[in-house]
Amino acid sequence: MEFLNPHVACEKLIKALRGNGISDERILDAFRKVPRHLFVDGAMYAQAYDDNALPIGFGQTISQPTIVALMTQLLGLRKDEKVLEIGTGSGFQTAILAQFTRRIYTIENIGDLSVAARRRLREMGYQNIVFRHGDGSLGWAQHAPYARILVAAAAPVVPEALCEQLEVGGRMVIPVGDRKQQELVIYDRTEKGFEKRSAGTVVFVPLLGKQGWQKEE
Ligand code: SAM
């Protein structure tokens, strides 16, 4: 295995994130606090700080660092918001969000990934994350409304349930489009409805579920 100095590799990654438009120093600092090599298989340690998505098993990926940083920046977190995350995956994005939030609720529909992320983040000492194995396209009504919702899988349309569970004044960041390519969309909920903006083109794995894609589609 190639030798990895996580500190050096992480600073190189942070430089790349800056170059890709991530300007919020708090977010760049969060990347220093969450060692990405602990979220990938040992065989991939050497690539852990490359700005790439990497496989985490079950056909899923840990998201590209630039995308994790961009989505976090777009959410505009201050410190005390209640956040819902759909698509826990490895738990890396969850750990980044957990630096900025009072409480984060995260849902993953692959049981083994949910269990592994829960174990990993508990061992790392996170106390403000609540995990669930289930269909995140339906949100998590029990704890709604949320000030922020981040969806880390691609939806064909914005799930109605997630719109309902976003509080007035709240924001959702979600990739919407077809299975090959999506638009990263920011929805701000106002008294009058939803205001929509696009943050560019992205490629995510599909959001599978009742208000997402069906497996066979
Ligand atoms: N951000 C994560 C990370 O840092 O590791 C990676 C997320 S990965 C790109 C998307 C995840 O969404 C996958 O783990 C996938 O199983 C999950 N997913 C897909 N459909 C889902 C659904 N309906 N509910 C919850 N999770 C879902």
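**Entry 1. Ground rules**

I number residues from 1 along each chain as its sequence is written, and side-chain values use heavy atoms, with hydrogens and water left out. Since the model is predicted, local features need pLDDT of at least 70 and side-chain atom pairs count only at pLDDT 80 or more, while totals for chains, interfaces and linings use all residues.

**Entry 2. The largest pocket**

I looked up open space. A pocket is an open set of points on a 1 Å grid over the protein atoms alone, with protein on both sides within 12 Å along at least five of seven lines; a cavity is a set of points where a 1.4 Å probe fits but cannot get out. Lining residues have an atom within 4 Å of a point. Points are joined across faces, edges and corners, and a volume is the space filled by probe spheres set on the points.

The largest pocket holds about 480 Å³ of space. I noted 36 lining residues, with Gln60, Gly87, Ala152, Ala153 and Val205 lying nearest the centre of the pocket. Strand S2 (60–62), helix H3 (65–75), strand S3 (82–86), helix H4 (92–98) and strand S4 (103–108) each give two or more residues to this lining. Helices (H or I, at least four residues) and strands (E, at least two) are DSSP runs, numbered from the N terminus. Which element supplies the largest share of the lining? S2 does, with three residues.

I also sorted the pocket lining by class: 19 residues are nonpolar, 14 polar and three charged. Here Ala, Val, Leu, Ile, Met, Phe, Trp, Tyr, Cys and Pro count as nonpolar, Asp, Glu, Lys and Arg as charged, and the others, Gly among them, as polar.

**Entry 3. Nonpolar cores**

In soluble globular proteins, nonpolar side chains tend to be buried together. A nonpolar core is a set of buried Ala, Val, Leu, Ile, Met, Phe, Trp, Tyr and Cys residues joined through side-chain atoms within 4.5 Å. Buried means under 20% relative accessible area, exposed over 50%, and partly exposed in between (1.4 Å probe, protein chains only).

The largest nonpolar core has 50 residues, and Phe31, Phe92 and Ile96 have the most contacts inside it. Elements supplying at least two residues of this core include helix H1 (6–19), helix H2 (25–33) and strand S8 (182–190). H3 gives the most to this core, six residues. I then listed the contacts (heavy atoms within 4.5 Å) of Ile96: leaving out residues up to four places away in sequence, Ile96 touches Ala30, Phe31, Val34, Val68 and Thr72.

**Entry 4. Salt bridges**

How many salt bridges does the structure hold? I found eight, a salt bridge being a side-chain nitrogen of Lys or Arg within 4 Å of a carboxyl oxygen of Asp or Glu.

In the bridge between Glu11 and Arg32, the closest N and O atoms are 2.7 Å apart. Glu11 lies in helix H1 and Arg32 in helix H2, so the pair ties together parts that are 21 residues apart in sequence. Glu11 is partly exposed, at 27% relative accessibility, and Arg32 is partly exposed at 35%.

Arg148 and Glu81 form another bridge, at 3.8 Å, N to O. Arg148 sits in strand S6 (residues 146–151) and Glu81 in the loop between H3 and S3, 67 residues apart. Are these two buried or exposed? Both Arg148 and Glu81 are buried. Shared partners join Glu11, Asp29 and Arg32 into one network of salt bridges.

Leu77 lies in the loop between H3 and S3 and is buried, with a relative accessible area of 5%. Its C-alpha is 8.1 Å from that of Arg148, although the two are 71 residues apart in sequence. Beyond residues up to four places away in sequence, Leu77 touches Arg26, Val83, Leu97, Phe100, Thr101 and Arg148.

My search of the whole structure gave one cavity of 30 Å³ or more. The largest cavity has a volume of about 30 Å³. Leu77 is one of the lining residues, and the others are Asp24, Arg26, Ile27, Thr72, Gln73, Gly76 and Phe100. H2 and H3 are the elements that give two or more residues to this lining. By class, the cavity lining has three nonpolar, three polar and two charged residues.

Asp24 and Arg26 also form a salt bridge, with the closest N and O atoms 3.3 Å apart.
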